[in-house]
Amino acid sequence: MSTANGHNLDALVGAFRFSREWGMPTGDTFDCPPIGEFVGRWLRGAKVSIDPFARNKRLATWTNDLNPETAAQFHLDALDFLRKMESDGVVADMILFDPPYSPRQVKELYEGIGKKMTQQDGWRTHSWKAERDVINRLVPVGGVCLSFGWDSMGMGKKRGWAIEEIRLVCHGAGHSDTICMAERKVAGDLFDSPNNPI
Ligand SMILES: C[S@@+](CC[C@H](N)C(=O)[O-])C[C@H]1O[C@@H](n2cnc3c(N)ncnc32)[C@H](O)[C@@H]1O
């Protein structure tokens, strides 16, 4: 598969590390031991990191969470926060991307902070496209994004990112697994154009 400008996207799909672990489910994702191990191992060596959905975690250099009751440095909507990082000239080599996984989780937060959830707010959980497009501009080639959720879309090879590790964390019957994914940006500007459909 190749792009209009001749990049070979298949070259971005190589072998990656895979593991499956068991852990008790928790809303504080990184407190789940196999997920915490995954995050800690990847964060080691990062110079500038950004966590737009941090809750009370202060692991990253720059932390944000919409909920003002949390310990994050900023309490902005994630998209506004990422745009602020970009306009402030922040260059990050590590992103922690652990958003609400479903419209229901968004609704619970919004109700908790007295904000009305629109249909568009619910749709965002399907791809977080706008947020991921900003991340793609914030991170230079060689940087890493750790994504958590119920799908393995991540940053994606069409943005020039290659999967280096997937960890599936099983939480038992009746619970969705958490998919933890580490991707590295390996090619720049493949789809940075505003006309990028992905
Ligand atoms: C899955 S939790 C993150 C958990 C965190 N990684 C941890 O290990 O404790 C998602 C967080 O995103 C926040 N959030 C939800 N919608 C948001 C938005 N639009 N912008 C910024 N933060 C948001 C919620 O308040 C919640 O704390």
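Analyst: Opposite L96 stands L146 in strand 5. This is a predicted model, in which local features need pLDDT of at least 70, side-chain atom pairs count only at pLDDT 80 or more, and totals for chains, interfaces and linings use all residues. Residues are numbered from 1 along each chain as its sequence is written.

User: What makes strand 4 and strand 5 a pair?

Analyst: Two strands pair if DSSP finds at least two bridges between them, strands being DSSP runs of E with at least two residues and helices runs of H or I with at least four, numbered from the N terminus. Strand 4 (residues 94-97) and strand 5 (residues 144-149) share four bridges, in the parallel sense, and therefore count as paired.

User: Why is helix 2 called roughly parallel to helix 5?

Analyst: Helix 2 (residues 78-87) and helix 5 (residues 129-138) pack at an angle of about 20 degrees, with their axes 9 Å apart. That angle makes helix 2 roughly parallel to helix 5, because angles under 35 degrees count as roughly parallel, over 145 as roughly antiparallel, 65 to 115 as roughly perpendicular and the rest as oblique. Axes are lines fitted to C-alpha atoms, for helices over the stretch in contact, and angles run from 0 to 180 degrees between N-to-C directions.

User: Which residues of helix 2 and helix 5 meet?

Analyst: Among them are A78, L79 and L82 in helix 2, and A130, E131 and V134 in helix 5, contact requiring C-beta atoms, placed from the backbone, within 7 Å.

Note on methods
Contact = placed C-beta atoms within 7 Å.
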